[in-house]
Each structure stands twice: as C-alpha cells, then as structure tokens.
Amino acid sequence: MLDPRSEIYPTIEYRPIQPSDLEVLEKIHLSLFPIRYEREFFLNVVNGNGVISWGAVDTSRSDEGRDELIGFVTTRMIAAKDSEIEDLFRYNNSHKDLTLLYILTLGVVDSYRNLGIASSLVREVIKHAASVSNCRGVYLHVISYNQPAINFYKKMLFKLVRRLPMFYYIRGQHYDSYLFVYYVNGGRTPCSPLAFLKMLVGKIWRKEEKSIPRWSRCKESTTLLTSQNNNSNNKRIIAGEDSRCHV
C-alpha cells in the first residue's frame with residue numbers, strides 16, 4: 001500500500017472490475033462499510049451481471065500489487081420510472097424508456113485517500129451515463145449523518161433533490177436519506193423552467209381539488225393511496241445485505 005509519508009504521488013489508472021478482483025473487493029467493502037454484503041453481490045459486480053463498475057489501481061507499485069484494487073465504484077442502470085425521482089422526468093411522457101445510473105457503492109482504501117481517486121471514479125460514472133443516449137442522470141442515496149459524503153457529492157455538483165424520512169433501518173434504528181442527482185443528456189435540475197411550470201400546475205391542481213366535494217375526493221383517491229403504500233417498499237432495511245446503502 002501507499003506510504004502516507006511519501007511525497008511521491010502514485011500513478012492511478014482506472015479499469016473495469018474483473019473476476020480476479022473478487023477477494024480484494026470483498027475485503028475493502030468489509031473494511032469501509034458498517035454492513036456486510038452478500039457474496040452474490042460481489043459475484044455480480046466482478047462478472048458484470050447487471051452491475052457496471054470501475055476499479056482504481058496503483059500501477060506505480062513495484063510489487064505484485066500493481067494491479068490490485070485500491071478504489072472502486074459500482075453502479076446499476078435502472079428505468080427512470082422505477083426510481084424515487086420518476087416525477088422529475090414526467091414532463092416528457094413520450095420518452096418512457098428513460099434510464100438512470102444508480103451508484104451502489106463507492107470507496108477508496110484509507111492509505112489512498114485525498115488523492116482525488118473517488119472524484120475520478122465518479123467522473124467515470126458520469127462519463128458513462130452521458131454516453132447512453134436515453135440516460136438522464138446519475139443518482140444515489142446518502143444516509144443523513146454522513147456529512148463527508150454529503151459534502152463530497154455537493155462538491156461534485158450533484159443536486160440534493162429531496163430528503164426521505166426514515167429511509168434506512170439499521171440495527172434497530174431509523175435514519176433519513178438524502179437523494180442526490182447529477183443530470184446528463186438534457187436532464188433538468190429542480191430549479192429549471194420546466195420544474196417551475198410543473199410546480200405552478202401542481203398548485204393550480206391542488207387549488208381546484210379543494211373545490212371538489214370531500215366525498216368525491218376520497219372516492220377518487222383510492223389508486224393514489226395504493227401508490228403511496230407501494231412507495232414504502234423503497235425504504236431500505238439494512239441487515240447486512242443491502243447493496244444500496246451509502247454510509
């Protein structure tokens with residue numbers, strides 16, 4: 001590993017994570033995160049089964065570890081309609097195949113911190129998302145008490161779009177989550193003119209709704225209540241196996 005007292009900066013290269021990285025990837029996750037990930041998660045990462053990933057290696061090392069992972073980021077491409085931020089993209093219903101790149105895990109070993117490796121890994125993610133024509137953004141959750149991670153994503157120009165109350169359930173305790181988005185390929189920010197128009201329409205709709213008799217509103221809101229119940233499934237119960245926790 002890198003000697004933190006050394007004044008010589010390492011040569012860091014980035015590549016896809018591969019099957020030979022399995023053991024090291026597991027070891028780094030175990031050392032960095034307070035939860036345990038199932039073996040299946042790591043197998044999916046190294047074999048590219050629904051997971052897109054990048055690894056950082058120190059090619060300036062003179063030992064056999066020159067191709068050993070010292071940082072990583074794992075992601076998954078999902079349909080925008082299946083995300084918690086689907087409503088931010090409803091202004092364009094003609095594009096129902098829109099996707100988002102979700103960051104699952106991101107980490108750098110302690111001795112290589114503060115060298116810009118995490119930033120470079122995230123830039124790889126953003127670059128990939130921008131290369132997919134129907135992708136509109138990169139997004140992730142950060143647990144509410146992780147201020148360093150919150151500061152990091154703000155520095156990387158991610159937009160904090162909402163706070164999700166009691167999103168995580170870890171070791172018997174609930175925690176809120178912050179949801180960050182980096183828009184690509186024409187994706188919009190919540191402060192865009194389209195967002196303002198949507199907000200204005202929403203206010204008009206709510207004003208008109210007040211004029212509807214109460215019994216009528218209750219009768220017609222059955223499907224809305226069902227949708228709200230389904231949204232509760234988006235909360236993360238962390239028992240050591242959830243791969244979507246940014247802690």
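User: Why is arginine 39 called partly exposed?

Analyst: This is a predicted model, and the label rests on a computed area. Arginine 39 has a relative accessible area of 40%. Buried means under 20% and exposed means over 50%. The value of 40% falls in between, so arginine 39 is partly exposed.

User: What makes glutamate 23 exposed?

Analyst: Its relative accessible area is 53%. The cut-off for exposed is over 50%. Glutamate 23 passes it, so the label holds.

User: How do you know that glutamate 23 and arginine 39 form a salt bridge?

Analyst: Look at their closest N and O atoms, which are 3.4 Å apart. The rule asks for a side-chain nitrogen of Lys or Arg within 4 Å of a carboxyl oxygen of Asp or Glu.

User: Why does the pair of lysine 81 and aspartate 82 count as a salt bridge?

Analyst: The closest N and O atoms are 3.5 Å apart. That is within 4 Å, so the pair counts. Aspartate 82 is exposed, with 52% relative accessibility set against a cut-off of over 50%.

User: What makes arginine 162 and aspartate 87 a link between distant parts of the chain?

Analyst: They are 75 residues apart. Arginine 162 sits in strand β6 (residues 159-170), and aspartate 87 in the loop between β3 (69-79) and β4 (99-108). Their salt bridge has its closest N and O atoms 2.9 Å apart. Arginine 162 has 23% relative accessibility, which is not under 20%, so it is partly exposed rather than buried.

User: How many salt bridges does the rule give?

Analyst: The count comes to 10. Some share partners: Arg15, Asp21 and Asp67 are joined into one network.

User: How do you know that the span of helix α3 agrees with its number of residues?

Analyst: Helix α3 (residues 117-131) has 15 residues. At 1.5 Å a residue, it should span 21 Å. Its end C-alpha atoms are 21 Å apart, so the two values agree.

User: Which residues of α3 are called buried?

Analyst: They are Ile117, Ser119, Ser120, Leu121, Val122, Val125, Ile126 and Ala129. Each has a relative accessible area under 20%.

User: How much of the protein chain is buried?

Analyst: Buried residues make up 43% of its 247 residues.

Definitions and conventions:
Residues numbered from 1 in each chain as written. Predicted model: local features only at pLDDT ≥ 70, side-chain atom pairs only at ≥ 80, totals over all residues. Heavy atoms only, no water. Buried < 20%, exposed > 50% of the residue type's maximum accessible area, 1.4 Å probe, protein only. Helix = DSSP H or I, 4+ residues; strand = E, 2+ residues; numbered from the N terminus. Expected span 1.5 Å × (residues − 1).
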